[in-house]
Amino acid sequence: MRTFHTATEPSTAWSGTAAVIEPEPWMANALCTQVDPEVFFPEKPDTPELARKVCGSCDVIEQCREYALRTRPRHGIWAGMTLRQRNKIKVTL
Ligand code: SF4
């Protein structure tokens with residue numbers, strides 16, 4: 001199960017990734033919390049196929065995409081995007 005942790009709560013699923021994030025309400029509906037976290041943190045970061053399938057059925061993919069582009073997490077698959085793909089997207093405010 002993928003979990004989202006608060007800044008004061010140590011990460012277990014993401015230990016070693018330094019992926020501590022601020023929780024947002026939409027995360028309660030994140031489909032990735034119901035699957036093996038390895039799906040979203042594959043050994044080869046550019047192989048997100050299984051994560052993309054999960055994200056494609058997720059009700060909060062738009063909120064997740066906006067969050068990932070705003071906060072720029074350095075690890076994992078977010079809204080079906082790898083870090084490399086996220087880095088190619090420029091956001092204008
Ligand atoms: S879009 Fe994907 S990474 Fe984002 S919350 Fe949904 S399942 Fe998780």
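Biologist: Why is Val 35 called partly exposed in this model?

Modeller: The model is a predicted one, and Val 35 has 15 other C-beta atoms within 10 Å. A residue counts as buried at 20 or more such atoms and as exposed at 12 or fewer. The value of 15 for Val 35 falls in between, so the residue is called partly exposed. Val 35 lies in the segment before α1, and its C-alpha atom is separated by 9.4 Å from that of Ala 51, 16 residues apart along the chain.

Biologist: What makes Ala 51 a buried residue?

Modeller: Ala 51, which lies in helix α1, has 24 other C-beta atoms within 10 Å. The cut-off for a buried residue is 20 or more, so Ala 51 is buried. Leaving aside neighbours within four places in sequence, Ala 51 is in contact with Val 39, Phe 40, Ile 77 and Gly 80. The C-alpha atoms of Ala 51 and Thr 82 are separated by 9.8 Å, although the two residues are 31 residues apart along the chain.

Biologist: How do you know on which side of α1 the buried residues lie?

Modeller: Helix α1 covers residues 49–56, and its buried residues are Ala 51, Val 54 and Cys 55. They cover an arc of only 100 degrees around the axis, and therefore they lie on the same side of α1. An α-helix has 3.6 residues a turn, so residues three or four places apart point the same way. The face turned away from the buried side of α1 carries the exposed residues Glu 49, Lys 53 and Gly 56. Helix α2 (61–71) is included in what covers the buried residues of α1.

Biologist: Which residues touch the most other members of the largest nonpolar core?

Modeller: They are Ala 51, Cys 64, Ala 68, Ile 77, Trp 78, Ala 79 and Met 81, in a core of 13 residues. The elements that give two or more residues to this core are α1 and α2, and the largest share, three residues, comes from α1. In soluble globular proteins, nonpolar side chains tend to be buried together.

Biologist: What is in contact with Cys 64, leaving aside neighbours within four places in sequence?

Modeller: Cys 64 is in contact with Ala 30, Cys 58, Trp 78 and Ala 79.

Biologist: Ala 79 and Arg 72 are both placed in the loop between α2 and α3. What makes one of them buried and the other exposed?

Modeller: Ala 79 has 21 other C-beta atoms within 10 Å; the cut-off is 20 or more, so Ala 79 is buried. Arg 72 has 12 C-beta neighbours inside 10 Å; residues with 12 or fewer are exposed, so Arg 72 counts as exposed. Each has a positive phi without being a glycine: about 50 degrees for Ala 79 and near 55 degrees for Arg 72.

Biologist: Why is Arg 86 not called buried, but partly exposed?

Modeller: Arg 86, found in helix α3, has 18 other C-beta atoms within 10 Å. That value lies between the cut-off of 12 or fewer and that of 20 or more, so Arg 86 is partly exposed. Not counting residues up to four places away in sequence, Arg 86 touches Ala 68, Leu 69, Arg 72, Trp 78 and Met 81. Arg 86 and Ala 68 are 18 residues apart in sequence and 7.7 Å apart in space, C-alpha to C-alpha.

Biologist: How many helices and strands does the protein chain have?

Modeller: There are three helices and zero strands, in the pattern α-α-α along the sequence. Of the 93 residues, 18% count as buried.

Biologist: Where is the pLDDT below 50?

Modeller: The average pLDDT of the protein chain is 82, and 76% of the residues score at least 70. Over residues 5–18, the pLDDT is below 50. Beyond near neighbours in sequence, that stretch has 14 contacts in the model.

Technical notes. Residues are numbered from 1 along each chain as its sequence is written. This is a predicted model: local features need pLDDT of at least 70, side-chain atom pairs count only at pLDDT 80 or more; totals for chains, interfaces and linings use all residues. Helices (H or I, at least four residues) and strands (E, at least two) are DSSP runs, numbered from the N terminus. The arc is that of the directions from the helix axis to the C-beta atoms. Two residues are in contact if their C-beta atoms, placed from the backbone, lie within 7 Å. pLDDT is the predictor's confidence in each residue, from 0 to 100. A nonpolar core is a set of buried Ala, Val, Leu, Ile, Met, Phe, Trp, Tyr and Cys residues joined through C-beta atoms within 7 Å.
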